[in-house]
Amino acid sequence: MRGQTRQGLRSPGRQQGTRRRALPAAVAVAIGVMTLGALAPPAASAAAAARPDAVQQSLNALVRDDGMPAALASVKDRDGRTRTYTAGLGDLATGAPVPVDGQVRIGSNTKTFVAVVVLQLVAERRVDLDASVDTYLPGLVRGEGIDGRRITVRQLLQQTSGLPNYSNYLGDDVRYYAPRELLATALQHPADFAPGTSWKYSNTNYVLAGLIVQKVTGRPLAEEIDRRVVRRAGLRHTYFPAPGDASIREPHPHGYYRESADAPLRDITEIDPSWGWAAGQMVSTGSDLNRFFSALLAGRLLPSAQLAQMRSTVPAEATFGPGARYGLGLVSRPLPCGGLSWGHGGSFPGYETRGGATDDGRAINVAVTMQLTDEAGRRNLERAVDTALCR
């Protein structure tokens, strides 16, 4: 499982490379072959429930056709009105419904929070995007074809450093991982390419970004994210789990894992998330993610100069799909109805999230309670996002 699900964290889009199929018993307890049961009713307005709703239909299809135990969505329109939806079951063992706007592990959406903190430090002239990693972490980043004196902070945030992805190489131990242990794992392997010469998604980049935040501020990354982003954006259900915290604090749907197409679903809701750290450790809700990305695009979290840098993108189609581009911790995707959506997406054992926000105030986040491993499922999840944004 660790090879698979940690590789799943590395990107919220198409996956490359070999996946390992093992799921250690310490991570999850098999609860038998489960059936998904009846779809839970949508938690939407009475008016929306009275007519066919495209968003609800998309969630129903994710449960019915793609085998997701549950799906949930939060949609914000141009006028700031929010609608929430659910489908499936929140707990397959008890048949409990999906909590409306429940908390989920948001995986790589964490990267956008980290990038915002780094760019705030850039605005404060405490970090220089074009300075080397060695400027802040002298002598720490060395390996085969790897030299922190030749890798810039910008290259970390934009995934152009060439650093190998540590999550491809972690073993199956379910335990606490210190950030520098994650980095050390990556540095045992050669660089993927020379810095700045190509693009490839690597969680290692954001572990280093998190370490830079801690070195420059003298405070834990979790505290800086909470102080600079979570509280500033008014996020009430978003947090960075403390070391050793394997639970999800507030009402949440259970997350599941399936080792193979004919294997039983296993509950892996409670898991030590430290192996994700700055690359994917956070917990949030759909509505909070919509609020975060909307505040970001509206310029409420960054000065205009730093927001413009964040939105300066390079092609990232291999991971995020046709037309996708990667900025500094921010992904743009073309919408079928025209224009762009901005967001990130995340993948973590038990949960998959996709979403996007537009410059005119629309936003959506969709989550399912099983990590996706096939192209069809990812396309359907992304289609659900596009359906809501193009209404």
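Q: Helices (H or I, at least four residues) and strands (E, at least two) are DSSP runs, numbered from the N terminus. Where is the place of Thr-112?
A: This is a predicted model, in which local features need pLDDT of at least 70, side-chain atom pairs count only at pLDDT 80 or more, and totals for chains, interfaces and linings use all residues. Residues are numbered from 1 along each chain as its sequence is written, and side-chain values use heavy atoms, with hydrogens and water left out. The place of Thr-112 is in helix H4.

Q: How many helices and strands does the protein chain have, and what percentage of its residues is buried?
A: The secondary structure of the protein chain comes to 14 helices and 16 strands. Buried means under 20% relative accessible area, exposed over 50%, and partly exposed in between (1.4 Å probe, protein chains only). Of the 391 residues in the protein chain, the buried share is 61%.

Q: Is Thr-112 buried or exposed, and which backbone oxygen does its side chain reach?
A: Thr-112 has 0% relative accessibility, so it counts as buried. Leaving out residues up to four places away in sequence, Thr-112 touches Phe-292, Phe-293, Leu-296, Met-310, Gly-329, Leu-330 and His-344; contact means heavy atoms within 4.5 Å. At 2.7 Å, the side chain of Thr-112 reaches the backbone oxygen of Gly-329.

Q: Which residues touch the most other members of the largest nonpolar core, and which helix gives the most to this core?
A: A nonpolar core is a set of buried Ala, Val, Leu, Ile, Met, Phe, Trp, Tyr and Cys residues joined through side-chain atoms within 4.5 Å. The largest has 82 residues, and those touching the most other members are Phe-113, Leu-208, Ile-225, Leu-296 and Met-310. With nine residues, the helix that gives the most to this core is H4 (residues 110–123).

Q: Which residue just after H8 takes a positive phi?
A: At about 75°, the positive phi belongs to Gly-218.

Q: Which elements do the buried residues of H7 pack against?
A: The buried residues of H7 are Pro-179, Leu-182, Leu-183, Thr-185, Ala-186 and Leu-187. They pack against strand E5 (142–143), strand E6 (146–147), H8 and H10.

Q: How many aromatic pairs does the structure hold, and how is the pair of Trp-199 and Tyr-326 classed?
A: Rings of Phe, Tyr and Trp (its six-membered ring) pair if their centres lie within 6.5 Å; planes under 30 degrees apart count as stacked, over 60 as edge-to-face and the rest as tilted. The structure holds nine aromatic pairs. The rings of Trp-199 and Tyr-326 have centres 5.6 Å apart and planes at 50°, so this pair is tilted.

Q: Where do Trp-199 and Tyr-326 lie, and how many residues apart are they?
A: Trp-199 and Tyr-326 are both buried. Trp-199 is in the loop between helix H7 (179–187) and H8, while Tyr-326 is in strand E11 (residues 325–326). The pair links distant parts of the chain, with a separation of 127 residues.

Q: At what angle are the ring planes of Phe-320 and Tyr-326?
A: Phe-320 is buried, and so is Tyr-326. Trp-199, Tyr-201, Phe-320 and Tyr-326 form one aromatic cluster. The ring centres of Phe-320 and Tyr-326 are 5.7 Å apart, and the pair is tilted because the planes are at 40°.

Q: Where is Pro-273 found, and how far is it in space from Pro-243?
A: Pro-273 is in the loop between strand E8 (265–267) and helix H10 (277–280), and its relative accessible area is 1%, so it is buried. Leaving aside neighbours within four places in sequence, Pro-273 is in contact with Arg-105, Pro-241, Asp-245, Gln-281 and Phe-348. Pro-273 and Pro-243 are 30 residues apart in sequence, and their C-alpha to C-alpha distance is 8.5 Å.

Terms used:
Polar contact = N/O pair within 3.5 Å; in protein donor to acceptor, adjacent residues only side chain to side chain.
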